[in-house]
Each structure stands twice: as structure tokens, then as C-alpha cells.
Amino acid sequence: MKFIFIRHGETNSNVVGKRMGKRIDEPLNEEGVRQAKQLAENINFAFDALYSSPLKRAHQTAELLGKKFAVPVIVSNELAENDFGDLSGKSWNEMSEITGQDAKAIHTKLKFNYRPYGGESADEVRERLLRFIDDIKKTPANTVLVLTHGGIIRMMHHVFANKEIETSENASTHEFDL
């Protein structure tokens, strides 16, 4: 089964380097809408289903794709971004000051644990992502589009491609054969 994970379009928090996580539900900015429309124009392959995180930035991107291809968007809470807890809305530097650790490096290596701040750990994110993958693999779909977030895409690369990525561009695509 082919999974094509797509990061949402740009938001204002992306521009200023703030971590939104699961708690800050910000819509796309003008550039993000443009990116989503361009993405829809560039997709030249068939897909069987379209899944999205419930967060506005991903869902709005998915809706633009769904409209173009006349495919309903199926929302899955499992696809929401990492929960940074009380660190949501902070920059990497601000997070490092609060935690006393290099927050970006720990996050990139998927060694994070935001539970002391009311968030979730890397293991919890991995578990919910694997539940999503297992559920979808039980469907008859051959190719699935998944609109989600940078943290979820980073986890996909780590778990299924044994690859560490620091970031993914807004509206970028990442293909996995699982």
C-alpha cells in the first residue's frame, strides 16, 4: 500500500518559527492557501482515500485537494501534530530556555518528552501513528493521501525509512510503500 504524506501549507506561526503543536489551531495564511492550490494542481496520480489531521492548517489543505478531486476528507485525530503542552506557541530557543536542553535537537532525534509540560512523548506519537497505519492497511485502498504535520512526517521517516529529517517544507510530499 502506498501512503503519500503531505505537510500542510504555511501558517503565520511557521513564518515566525513558533511551535503550534496540537493545541494551537491556526489556519493557513495567504501563502499557505497558494501552496495548497499549487499542490492540488501538481498531483497527477490516482488515490483511493484522503485523510487529514483535524487541525485547521492540515484540514484546510486537505479540503482544497478533496474539492479538486471530488474526494471526501476523512478526519483522523491520530494525525494531529505532536502535543507540546504548555510549550506550544514557543520558539525552539524559548523551549530550550524553559527545559534547559537543546529542544530542537531532542525533538529532531525524536527523544522528546513533553509530558512534564502537559504534552506527549515521542513514544505516544509513534503509537498513535502506528494505530492509524494499521487501521488504514485493513482497508482496500491502494494509494492514500494523508494531510498532516511536520512532526508526524518526521516520525514516518524515522519509523519506516530509518531516516532522520530535521524539517519538512510546507506542502511537501513524502511517499512510503508499506
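**View 1. Helices H6 and H7 pack at an angle of about 80°, with their axes 10 Å apart.** This is a predicted model, in which local features need pLDDT of at least 70 and side-chain atom pairs count only at pLDDT 80 or more, while totals for chains, interfaces and linings use all residues. Residues are numbered from 1 along each chain as its sequence is written, and side-chain values use heavy atoms, with hydrogens and water left out. Helices (H or I, at least four residues) and strands (E, at least two) are DSSP runs, numbered from the N terminus. Axes are lines fitted to C-alpha atoms, for helices over the stretch in contact, and angles run from 0 to 180 degrees between N-to-C directions. H6 and H7 are therefore roughly perpendicular to each other (under 35 degrees counts as roughly parallel, over 145 as roughly antiparallel, 65 to 115 as roughly perpendicular and the rest as oblique). On the H6 side, the contact (heavy atoms within 4.5 Å) is made by Ala122, Val125, Arg126, Arg128, Leu129, Leu130 and Ile133. H7 contributes Ile152, Met155, Met156, His158, Val159 and Phe160. By class, the contact of H6 with H7 has ten nonpolar, one polar and two charged residues (nonpolar: Ala, Val, Leu, Ile, Met, Phe, Trp, Tyr, Cys and Pro; charged: Asp, Glu, Lys and Arg; polar: the others, Gly among them).

**View 2. The largest nonpolar core has 28 residues.** A nonpolar core is a set of buried Ala, Val, Leu, Ile, Met, Phe, Trp, Tyr and Cys residues joined through side-chain atoms within 4.5 Å. Buried means under 20% relative accessible area, exposed over 50%, and partly exposed in between (1.4 Å probe, protein chains only). Phe3, Phe5 and Phe132 have the most contacts inside this core. Two or more residues each come from strands E1 (2-7), E2 (49-52) and E4 (143-148), and from helices H4 (92-99), H6 (122-137) and H7 (150-161). H6 supplies the largest share, six residues. A second, separate core of 13 residues includes Ile4, Leu65, Val73 and Leu147. In soluble globular proteins, nonpolar side chains tend to be buried together.

**View 3. Phenylalanine 3 and histidine 174 are in contact.** Histidine 174 lies in strand E5 (residues 173-177) and counts as buried at 12% relative accessibility. Histidine 174 and isoleucine 4 are 170 residues apart along the chain, with their C-alpha atoms separated by 5.6 Å.

**View 4. Helix H4 has the buried residues Trp92, Met95 and Ser96.** They cover an arc of only 100° around the axis, which puts them on the same side of H4; the arc is that of the directions from the helix axis to the C-beta atoms. These buried residues pack against helix H5 (103-108). The face of H4 turned away from its buried side carries the exposed residues Asn93 and Glu97. Just after H4, glycine 100 takes a positive phi of about 75°.

**View 5. Alanine 70 and alanine 171 have positive phi values although neither is a glycine.** For alanine 70, phi is about 55°. Alanine 70 lies in the loop between helix H3 (56-69) and strand E3 (73-75) and counts as exposed at 71% relative accessibility. Alanine 171 has a phi of about 65°. Its place is the loop between H7 and E5, and alanine 171 is buried, with a relative accessible area of 17%.

**View 6. Leucine 39 lies in helix H2 (residues 30-42).** At 8% relative accessibility, leucine 39 counts as buried. Apart from neighbours within four places in sequence, leucine 39 is in contact with Ile6, Thr61, Leu65, Ala171 and Thr173. Leucine 39 and serine 53, 14 residues apart in sequence, are 17 Å apart in space, C-alpha to C-alpha.

**View 7. Aspartate 86 is in the loop between E3 and H4.** With 57% relative accessibility, aspartate 86 counts as exposed. Aspartate 86 touches Arg23 and Tyr117, not counting residues up to four places away in sequence. The C-alpha atoms of aspartate 86 and tyrosine 117 are 5.3 Å apart, and the two residues are 31 residues apart in sequence.
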